[in-house]
Amino acid sequence: MASDTDQAIFFYTRHPISAAIILAKLKTARGDLAGVRPDELFAHDQDHYGGLAANDALAAAARIGAGSRVADFCAGLGGPARYLAHRYGADVTGIELTPARVAGAAELTNLVGLQDKVRVIEGNVMDVRLPDACMDAVVSQEALLHVPEKGRALAEAFRVLKAGGRLVFTDWTPHRPLSDADADLMWRGMAARTLQSVAGYRALLEGPGFRVVAVDDLTAEWGVILAERLAMYRRLREEAERAGTPAGHDAFHESYVRFVALVQTGELGGARFTAEKL
Ligand SMILES: C[S@@+](CC[C@H](N)C(=O)[O-])C[C@H]1O[C@@H](n2cnc3c(N)ncnc32)[C@H](O)[C@@H]1O
């Protein structure tokens, strides 16, 4: 069996949203890639549920403003990082495991001229190559589900935060343990495992010394958003099949359909956690 991180890299190297696909879409829409503005990317580069509104909720909870130094754990293609820099004037360092995502993030960031305020560095959030107490905020969206030892990632967030700094993240939160079949499907198709309930996350946050400020249940709103994302993935898959480009791996589609059903029946939930380093 592949290691937890190998499975995440496998999954994201074949993910239906990539820098190449975003650039191809932009080129088709506008003819060329000259002078692309950051906001032209935002319809394409946010790989989490709830798009820009979810970033705004994160920014408010994390108290991000002009000049804030922010770490984005599991930054993907850098979409949220670019948004926080462009909209709020933050300086953002993303940590990202998958080399293809790191390269894609650099390409997109350079394209829109945000390279002085945004950088996505290759690394694992369980072992972050940043100094102690260098960040005002740490954020993360829909990514810790892939991280095998979530307590280590949260301890790293605690370490890199300044006193009074906030960690705000969203993640899947099972409302009851998944069946073995569902757990296996989520691992094979979406590289998700060691999922934490809300109570589990509270305990992991309190371990290094965070004060839990708020836990917002997002399950109901995710149910609606996920139905739309499933439709989008189906469209992307059909487009890719027609164009003869990679359509993503089949286990992803099978697991995504089941994932959406689990959220809609409330067996699997989602939550936003806000925690402060005392
Ligand atoms: C659903 S994407 C979210 C990307 C980004 N947060 C966003 O909202 O657009 C999850 C990302 O987490 C990354 N990832 C998974 N495990 C990781 C780890 N242990 N350390 C750093 N990044 C990781 C994946 O490569 C993927 O790019």
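The model is predicted, so to be counted, local features need pLDDT of at least 70 and side-chain atom pairs pLDDT 80 or more, while totals for chains, interfaces and linings use all residues. Residues are numbered from 1 along each chain as its sequence is written, and side-chain values use heavy atoms, with hydrogens and water left out. Helices (H or I, at least four residues) and strands (E, at least two) are DSSP runs, numbered from the N terminus.

**How the helices pack**

- Two packed helices are described by the angle between their axes and the distance between the axes. Here axes are lines fitted to C-alpha atoms, for helices over the stretch in contact, and angles run from 0 to 180 degrees between N-to-C directions.
- Let's start with helix 10 (residues 219-243) and helix 11 (residues 250-264), which pack at an angle of about 155°, their axes 9 Å apart. Helix 10 and helix 11 are therefore roughly antiparallel to each other (angles under 35 degrees count as roughly parallel, over 145 as roughly antiparallel, 65 to 115 as roughly perpendicular and the rest as oblique).
- Their crossing, helix 10 with helix 11, is left-handed; that term applies if the near helix is turned anticlockwise from the far one by less than a right angle, and right-handed applies if clockwise.
- Contact means heavy atoms within 4.5 Å. On the helix 10 side, the residues that meet helix 11 include Trp-222, Leu-226, Leu-230 and Tyr-233, and among their partners in helix 11 are Phe-252, Tyr-256, Phe-259 and Val-263.
- By class, the contact of helix 10 with helix 11 has 11 nonpolar, four polar and four charged residues (Ala, Val, Leu, Ile, Met, Phe, Trp, Tyr, Cys and Pro count as nonpolar, Asp, Glu, Lys and Arg as charged, and the others, Gly among them, as polar).
- Helix 11 also packs with helix 8 (residues 180-190), at an angle of about 130° and with the axes 8 Å apart. That makes helix 8 oblique to helix 11, and the crossing here is left-handed.
- From helix 8, residues including Leu-185, Met-186 and Met-190 meet helix 11, where Phe-252, Tyr-256 and Phe-259 are among the residues met. The contact of helix 8 with helix 11 splits into eight nonpolar, two polar and four charged residues.
- Over at helix 7 and helix 9 (residues 198-206), the angle is about 45° and the axes are 9 Å apart. Helix 7 and helix 9 are therefore oblique to each other, and their crossing is right-handed.
- Lys-150, Gly-151 and Leu-154 of helix 7 make that contact with Tyr-201, Leu-204 and Leu-205 of helix 9. The tally is four nonpolar, one polar and one charged.

**Cavities and a pocket**

- On a 1 Å grid over the protein atoms alone, a cavity is a set of points where a 1.4 Å probe fits but cannot get out, and a pocket is an open set with protein on both sides within 12 Å along at least five of seven lines; lining residues have an atom within 4 Å of a point. Grid points are joined across faces, edges and corners, and a volume is the space filled by probe spheres set on the points.
- Searching the whole structure turns up three cavities of 30 Å³ or more.
- The largest cavity has a volume of about 370 Å³. Of its 28 lining residues, Cys-74, Gly-76, Glu-96, Ala-143 and His-146 lie nearest the centre.
- Helix 1 gives the most to the lining of the largest cavity, three residues, and that lining divides into 13 nonpolar, nine polar and six charged.
- The second largest cavity comes in at about 140 Å³. It has 15 lining residues, with Tyr-12, Asp-47, Tyr-49, Glu-142 and Met-190 nearest its centre.
- Helix 1, helix 10 and helix 11 each supply at least two residues of the lining of the second largest cavity.
- The largest pocket holds about 330 Å³ of space, and Ile-17, Ala-43, His-44, Gln-46 and Met-232 are nearest its centre among 20 lining residues. Helix 10 gives the largest share of this pocket's lining, six residues.

**Two backbone spots**

- Arg-63 has a phi near 60°, a positive value in a residue other than glycine. Arg-63 sits in the loop between helix 4 (51-62) and strand 1 (69-73).
- Glu-142 also has a positive phi, near 45°. Its place is in the loop between strand 4 (135-141) and helix 7 (150-160).
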